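Q: I'm new to this one. Could you walk me through how to read it?

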Amino acid sequence: MTDIQFDICPTPSITVPVTHEIGGKMKKVVDAGSSGEFGWHAAETALRCARLFSYKFRCKDDKACVVPTPSAPPPLAGASSFNVTLPRGDADNTRAPLARGSLVHAGLANHYRILQLIQQGHDPDSVREEWASPTEAVSICADTNGWGAHREEAIRIVNAYMANWMREELEVLHVEEVFAAEIEGRRYTQRLDLVVRDRDRKVYVFDHKVVGRISPQTVDRYTLSGQFIGMRCLVEMAYGDQFGGVKLNLIESGDKGFKFFRDVVAPAPSAVRTFPLTVLHARKIVDMCADLPPEEWPQALSEQTCYTPYGRCDYFDRCRWGSN
Ligand code: SF4
């Protein structure tokens with residue numbers, strides 16, 4: 001059995017908030033962006049499809065790579081695949097879960113950052129003056145990303161969430177902070193939605209998920225998610241015996257209104273033990289292909305990977321027809 005481990009204890013770091021003008025005043029918004037090329041999403045992408053990794057993470061400044069074909073639902077039965085017009089942008093419903101989830105994250109990030117500052121003894125009025133309200137944060141995120149069509153729903157979700165959890169007694173420890181570690185000299189980072197000390201005095205990571213319907217499978221499916229295994233590794237290393245687990249902070253937004261539910265994701269000790277090795281393998285795949293042009297990185301070419309629950313991979317047509 002491997003003994004590959006993270007080399008250093010993860011250190012969380014607060015990212016500099018972004019400022020936006022709201023009603024003539026500059027207000028702060030938590031940066032809830034991605035963990036970049038050194039996070040689990042990148043590692044998981046490399047393991048899923050090396051070509052996809054190269055398009056997403058290595059071609060940012062290459063115009064030929066930067067404009068992907070939008071994900072789209074399959075052509076209607078009987079329609080020729082050569083003459084179907086694929087929907088784009090906000091009209092593309094396959095993007096709705098991503099947009100809605102990201103907007104809700106933006107709102108909850110400012111909600112918990114404001115709460116944290118007040119818990120730390122800062123004057124509540126000054127904090128609220130300085131920071132965008134949760135709904136303002138949603139709006140800014142919608143404007144920045146062109147997700148205006150999802151703004152009102154996201155604001156309703158955030159308001160319902162805050163009303164539901166109004167009396168929660170959590171000590172907020174970290175909001176959207178990046179936890180960084182190293183493995184054989186390679187940096188590994190994860191941005192965590194929220195880390196709290198709960199009423200049992202244990203430290204929990206909360207991961208917010210907005211879903212159409214909460215079912216028993218909703219929690220179970222994250223047992224072997226690298227995102228959750230990584231959170232467990234990093235925060236357990238940082239907090240030791242105080243660590244309580246990773247909780248799914250579920251928000252159901254469907255036809256029957258809203259439901260809120262939190263549950264600890266089941267442990268996966270074997271996957272936790274080998275997680276550093278898994279990350280290392282992903283990084284080695286990237287290193288091995290680093291000098292190749294994008295079109296020579298290996299492709300997954302799998303109907304499970306090139307076609308996701310949200311539709312075609314962004315680069316479906318590029319892989320199909322080539323870059324010209
Ligand atoms: S379409 Fe398939 S092979 Fe091409 S980048 Fe996407 S997942 Fe990889």
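Predicted model: local features only at pLDDT ≥ 70, side-chain atom pairs only at ≥ 80, totals over all residues.

Q: How many residues surround the ligand, and which are the closest?

A: A residue is near a molecule if its C-beta atom, placed from the backbone, lies within 6 Å of it. Here 13 residues surround the ligand, and the closest are Cys49, Gln299, Cys306, Cys313 and Cys319. Two elements give two or more residues to that shell: helix 2 (50-58) and helix 11 (316-321). Helix 2 gives the most, with three residues. Helices (H or I, at least four residues) and strands (E, at least two) are DSSP runs, numbered from the N terminus.

Q: What is the shell around the ligand like by class?

A: Ala, Val, Leu, Ile, Met, Phe, Trp, Tyr, Cys and Pro count as nonpolar, Asp, Glu, Lys and Arg as charged, and the others, Gly among them, as polar. By that sorting, the shell has 10 nonpolar, two polar and one charged residues.

Q: Where is arginine 201 found, and is it buried or exposed?

A: A residue is buried if 20 or more other C-beta atoms (placed from the backbone) lie within 10 Å of its own, exposed if 12 or fewer, and partly exposed in between. Arginine 201 sits in the loop between strand 5 (186-197) and strand 6 (203-211). It has 9 other C-beta atoms within 10 Å, so it's exposed. Its phi is near 70°, a positive value in a residue other than glycine.

Technical notes: Residues numbered from 1 in each chain as written.
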